[in-house]
Amino acid sequence: MSAVAPPLCTWIVAACLSATCVADDEGKQRNYGGGLFGTRRHFAARRRGGARSGVPIAVSFHPERGGVENNKSETKKRRVVVTGMGVVTPLGHEPDEFYNNLLQGVSGISEIEAFDCSSYPTRIAGEIKSFSTDGWVAPKLAKRMDKFMQYLIVAGKKALENGGVTEDIMNELDKSRCGVLIGSGMGGMKVFSDAIEALRVSYRKMNPFCVPFATTNMGSAILAMDLGWMGPNYSISTACATSNFCILSAANHIMRGETDLMLCGGSDAPIIPIGLGGFVACRALSQRNSDPTKASRPWDMDRDGFVMGEGAGVLLLEELEHAKQRGAEIYAEFLGGSFTCDAYHMTEPHPEGKGVILCVENALADAGVTRQDINYVNAHATSTQLGDLKEFEALRRCFGQNPQLRVNSTKSMTGHLLGAAGGIEAVAAIQGINIYATAKWTVREMPLHSLNFISMPLFSH
């Protein structure tokens with residue numbers, strides 16, 4: 001049984017490889033190399049600590065290749081870079097903590113504690129055990145919110161903090177050119193479910209905020225209201241591909257000159273009785289309750305379904321010149337992407353992988369990157385029998401026999417965060433690239449290119 005297969009989304013980013021920012025007044029040039037997601041470059045004197053230990057999972061290099069040849073014709077699109085990251089996950093609520101736990105093989109999957117699920121055939125999930133909105137969300141508002149909104153707002157504000165957007169910088173921003181596009185696959189399920197239970201007694205018992213707080217766009221709306229950001233504000237809900245649809249759409253707003261900054265990504269909190277029961281009913285979940293840390297096992301012969309997860313992943317995207325002007329550290333550059341759909345079945349992937357292949361090929365073309373330039377894939381791979389197999393076959397058709405290509409799925413440790421999957425997996429891939437960007441592997445910097453699949457960014461150093 002495959003997990004829900006939404007329209008596919010690929011997005012491509014590029015590192016500021018060997019970037020040197022020299023003053024133009026002396027006629028010197030600024031040089032940037034790369035393709036896909038790339039290294040964090042320091043455009044200012046300040047430096048934040050990053051994950052430095054361990055070896056990124058399934059990442060390989062092309063030491064012989066000095067950079068990615070840009071095959072795309074020159075356009076007047078504005079360049080988009082990633083300057084901040086925020087996460088709320090079963091493996092930690094800071095990008096470095098989250099990534100170091102991935103490196104160490106820590107599993108965030110355990111027995112569900114939020115409610116009694118002893119009667120369910122699946123009793124495990126990537127559940128967040130410790131989380132607080134203190135200092136991030138007003139207590140009265142937090143009490144009324146669904147958890148997906150809490151995760152979203154905290155991750156969004158953490159992305160701003162990680163991006164060095166201080167109060168002084170915030171006051172200087174043109175807020176009419178700042179937007180929020182953070183989606184959710186499931187929305188406020190708990191708020192709505194509680195309202196239904198209250199309605200069994202009387203409509204007077206219902207939370208007056210149950211309808212607006214159940215909608216997928218309300219998290220972005222509340223965050224924008226808190227920040228005073230008046231630019232584009234909406235959400236996209238495309239199941240597992242939600243985060244990437246939001247990220248690509250947010251980047252397009254910047255490329256078209258409509259905004260300078262965008263918070264984007266996804267958030268979901270589906271680990272409640274109706275969420276667990278719904279996926280159990282469609283027989284999509286693993287029942288390996290006795291061994292939860294090994295239940296999510298993409299591509300394993302004994303895989304028996306996916307494991308639910310919860311949390312949020314948010315990126316701060318910014319126009320390149322705007323980022324340099326405020327002295328931001330740049331983690332990566334966004335090059336382009338693609339939207340496609342299998343147009344085949346609600347849950348099963350196309351037997352020939354046509355939608356996946358088309359999406360990958362279109363994204364590579366849009367970014368001006370060849371398939372030979374790709375050497376790492378953070379796959380969607382949710383640990384379902386049919387989905388994992390068909391995705392692998394599609395990857396093989398897309399990339400052929402590339403000995404440099406490495407593939408993995410971090411869902412083996414986080415579970416499947418549904419609409420938030422693409423957001424946290426983007427952070428994982430960027431962190432991996434930045435680890436190698438700081439390592440002295442050779443006398444020159446080496447390019448790293450990656451693709452994140454359905455939760456699917458292409459990354460490069």
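In helix 1, the buried residues are Pro95, Phe98, Tyr99, Asn100, Asn101, Leu102 and Leu103. Buried means under 20% relative accessible area; exposed means over 50%, and partly exposed lies in between (1.4 Å probe, protein chains only). Helices (H or I, at least four residues) and strands (E, at least two) are DSSP runs, numbered from the N terminus. This is a predicted model, in which local features need pLDDT of at least 70, side-chain atom pairs count only at pLDDT 80 or more, and totals for chains, interfaces and linings use all residues. Residues are numbered from 1 along each chain as its sequence is written, and side-chain values use heavy atoms, with hydrogens and water left out.

Stay with helix 1 for a moment. Helix 1 covers residues 95–103, and seven of the nine are buried, so it is largely enclosed by the rest of the structure. Just after helix 1 comes Gly105, with a positive phi of about 75°.

Now step back to the whole chain. The chain holds 13 helices and 16 strands. Of its 461 residues, 60% are buried. Contact means heavy atoms within 4.5 Å. Among contacts in the chain with a separation of 6 or more, 79% are between residues 24 or more positions apart.

Next, find strand 8 (178–183). Six of its six residues are buried. In a regular strand the side chains alternate between the two faces of the sheet. Strand 8 has Cys178, Val180 and Ile182 on one side and Gly179, Leu181 and Gly183 on the other, and both faces are covered. Look at Gly179, which is in strand 8. Gly179 is buried, with a relative accessible area of 1%. Leaving out residues up to four places away in sequence, Gly179 touches Trp229, Gly231, Pro232, Leu261, Met262 and Leu263. His253 is 74 residues from Gly179 in sequence, yet their C-alpha atoms are 8.9 Å apart in space.

Two strands pair if DSSP finds at least two bridges between them. Strands 8 and 9 run parallel and are joined by six bridges. Cys178 stands opposite Leu261, and Gly183 stands opposite Gly266. On its other pairing, strand 9 runs antiparallel to strand 10, with eight bridges. There, Gly265 stands opposite Val314 in strand 10.

Is strand 9 enclosed or open? Eight of its eight residues are buried, so strand 9 is largely enclosed by the rest of the structure. Leu261, Leu263, Gly265 and Ser267 point one way, while Met262, Cys264, Gly266 and Asp268 point the other way.

Follow the loop between strand 8 and helix 5 to Met186. At 31% relative accessibility, Met186 counts as partly exposed. Met186 and Ser267 are 81 residues apart along the chain, and their C-alpha atoms are separated by 8.8 Å. Neighbours within four places in sequence aside, Met186 is in contact with Asp268, Pro270, Phe279 and Leu418.

Now look at the nonpolar cores. A nonpolar core is a set of buried Ala, Val, Leu, Ile, Met, Phe, Trp, Tyr and Cys residues joined through side-chain atoms within 4.5 Å. The largest has 38 residues, and Leu160, Leu173, Leu223, Trp229 and Leu263 touch the most other members. Helix 3 gives the largest share, nine residues. Apart from this core lies another, of 36 residues, among them Tyr99, Leu315, Tyr331 and Met413.

Which residues does Leu223 contact, beyond its neighbours within four places in sequence? They are Leu152, Ile153, Gly156, Lys157, Val180, Ile182 and Leu263.

End at the second largest pocket, whose volume is about 300 Å³. Of the 17 residues that line this pocket, Ala114, Lys147, Ile271, Ile272 and Glu310 are the closest to its centre. On a 1 Å grid over the protein atoms alone, a pocket is an open set of points where a 1.4 Å probe fits, with protein on both sides within 12 Å along at least five of seven lines; lining residues have an atom within 4 Å of a point. Grid points are joined across faces, edges and corners, and a volume is the space filled by probe spheres set on the points. Helix 3 (147–162) and helix 5 (189–199) each supply at least two lining residues. By class, the lining has nine nonpolar, one polar and seven charged residues. Here Ala, Val, Leu, Ile, Met, Phe, Trp, Tyr, Cys and Pro count as nonpolar, Asp, Glu, Lys and Arg as charged, and the others, Gly among them, as polar.
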